[in-house]
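Here are a few notes to read with the model open beside you.

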Amino acid sequence: DLRRTCDQLRDNNQLADAIELCKLNAEINPSIWNVWYNLANAQLAAGHLAEALTSYRRVLEIDPNNSNADEIRRVFEKAGTRF
C-alpha cells in the first residue's frame, strides 16, 4: 500500500511527499528492491540525481537481475557514472 501511494503521489507531481513516504517505506522494508526502486524514481523525478543513484544502487545490490536492471544501468550511463 505504501508503494502504491508513493507512486500516486509521484504521478500527481507531489514529489516531496512521494520522497518522504518512499523513504519511510525503505526504512520499514529495507530488503525489498522495488521499495528502493520507487524511492529512486521519485528522487529522479524531483531532480535529485545523486540520491536517486544511491537508491538505484541499493536496488541492484538487493537484486542485480530484477526486471528493471537494464533501465537502471542506463540511468547510470546517462549520468556518466558506473554502478
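1. Leaving aside neighbours within four places in sequence, Phe 76 is in contact (heavy atoms within 4.5 Å) with Leu 53, Tyr 56, Arg 57, Leu 60, Thr 81, Arg 82 and Phe 83. Please keep in mind that this is a predicted model, where local features need pLDDT of at least 70, side-chain atom pairs count only at pLDDT 80 or more, and totals for chains, interfaces and linings use all residues. Residues are numbered from 1 along each chain as its sequence is written, and side-chain values use heavy atoms, with hydrogens and water left out.

2. Phe 76 is one of the buried residues of helix H5 (residues 69-79), together with Ala 69, Ile 72 and Val 75. Buried means under 20% relative accessible area and exposed over 50%, with partly exposed in between (1.4 Å probe, protein chains only). Helices are DSSP runs of H or I, at least four residues, numbered from the N terminus.

3. Viewed down the H5 axis, the buried residues fall within an arc of 115° (taken from the directions from the axis to the C-beta atoms), so they line one face of the helix. They pack against helix H3 (33-45) and helix H4 (49-62). On the other side of H5, Asp 70, Arg 74, Glu 77 and Lys 78 are exposed.

4. After H5 comes Gly 80, with a positive phi near 75°.

5. Do have a look at Asn 41, which lies in helix H3. Asn 41 counts as buried because its relative accessibility is 15%. Beyond its neighbours within four places in sequence, Asn 41 is in contact with Arg 10 and Tyr 56.

Technical notes: Helices (H or I, at least four residues) and strands (E, at least two) are DSSP runs, numbered from the N terminus.
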